[in-house]
Amino acid sequence: MANSIGTIGVLTSGGDAPGMNAAIRAVVRTALHSGLKVKGIMRGYSGLLEEEIVDMDMTSVAEIINRGGTILYTARCMEMMTEDGQKKAADMCRKHGIEGIVVIGGDGSFRGAGALAREGINTIGVPGTIDLDIACTEYTIGFDTAVNTAIEAIDKVRDTSASHERCSIIEVMGRHAGYIALWSGISTGSDAILIPERYDGNEQELINQIIASRKRGKKHFIIVNAEGIGHSTSMAKRLEAATGIETRATILGYMQRGGSPSCKDRYFASIMGAKAVDLLIEGKTNRLVAYQNGDFCDFDIAEALQMTKDIPEDHFQLTTKLTR
Ligand code: ATP
């Protein structure tokens, strides 16, 4: 099929996620192999508005598949949330001959992508966020690395927590979504998982659980707390006062965003990045690349942003069955 477009742009936006570089590499090389020109847009939408746009070739993306972060940098951009900003962004694309654009980021970034599509720029989104919180897709680039970083850290805290017979609260990322907490909590055999989707603030229940388990002879207690619940340090003080058991908080923070991406993140990023370019070549716009039921597919961005998903209740309930 003849290419309907000649030049595409690629940007990363929102929070960085391990595997974004692998996605950029796949976009750039798939496009070049198909005879397209590629422009890299620095610092997300702010770089587009500020004309921070560079030509990319095969070597621009050499030696990055194994690197965390994003070589294009990322930024939050308030101006892109305004109609004027969106028009200016589309004009900037036209000025630089960018007829199609791949946006790698989370749901906020896709709202920007949808706006660009409405302004006449062919736009495809690729889900890159450690939070796994894009409803239309079962996988988002960065989640696997982030959750594995979290379990490595939790395992280490568990060793010292067990030695000191302590209660440990470990705070993981996830302001609105508890997927990192759920997966890392279950995978480290944690005793309690507090996530924004479910936690009702009932600390007394937690206190009773800790006291009861200590009475049964349990030496240490691990609570995985999602960032959206937060306040881990003050919670530790309150739990210690109520249970008499030494309680410490560890906030994992930004380390969960970094590091060399896992095989799964590199693989998904490569497939999704390439698919985004194929969609642009087919003349598609306003689509979001997704993974569902073992297949890579795509959705209308507006429809995708309307979709909702929730933590599987049976997975969440498993914590109480698996702890002692
Ligand atoms: P993460 O899930 O990692 O936080 P995200 O893509 O959701 O990633 P946001 O900060 O929500 O991160 O959005 C990134 C950028 O997308 C914003 O800084 C802004 O430039 C653009 N954006 C967000 N919401 C909108 C919107 N409603 N309309 C246009 N652009 C938007």
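Guide: Buried means under 20% relative accessible area, exposed over 50% and partly exposed in between, using a 1.4 Å probe and protein chains only. This is a predicted model, where local features need pLDDT of at least 70 and side-chain atom pairs count only at pLDDT 80 or more, while totals for chains, interfaces and linings use all residues. Residues are numbered from 1 along each chain as its sequence is written, and side-chain values use heavy atoms, with hydrogens and water left out.

Visitor: Okay, is Cys77 buried or exposed?
Guide: Look at its relative accessibility, which is 14%. That sits under the 20% cut-off, so Cys77 counts as buried.

Visitor: How many disulfides does a search of the whole structure find?
Guide: A disulfide is a covalent bond between the sulfur atoms of two cysteines; here the test is a sulfur pair within 2.5 Å. The closest cysteine sulfur to that of Cys77 is in Cys93, 13 Å off, so that gap is too far for a bond. Cys93, with Cys77 as its nearest partner at 13 Å, is in no disulfide either. The search's count is zero.

Visitor: How far is an oxygen atom of the ligand from an N or O atom in the side chain of Arg76?
Guide: The ligand has 16 residues around it (a heavy atom within 4 Å), and Arg76 and Cys77 are among the closest. Polar contacts are N or O pairs within 3.5 Å; within protein, one atom must be able to donate a hydrogen and the other to accept it, and sequence neighbours count only if both atoms are side-chain atoms. A ligand oxygen lies 3.1 Å from a polar backbone atom of Gly15, and one is 3.5 Å from a polar side-chain atom of Thr129. For the Arg76 side chain, the distance is 2.5 Å.

Visitor: How far does helix H4 reach from its first C-alpha to its last?
Guide: H4 covers residues 107-118, twelve in total.

Definitions and conventions: Helices (H or I, at least four residues) and strands (E, at least two) are DSSP runs, numbered from the N terminus. The expected span of a helix is 1.5 Å times one less than its number of residues.
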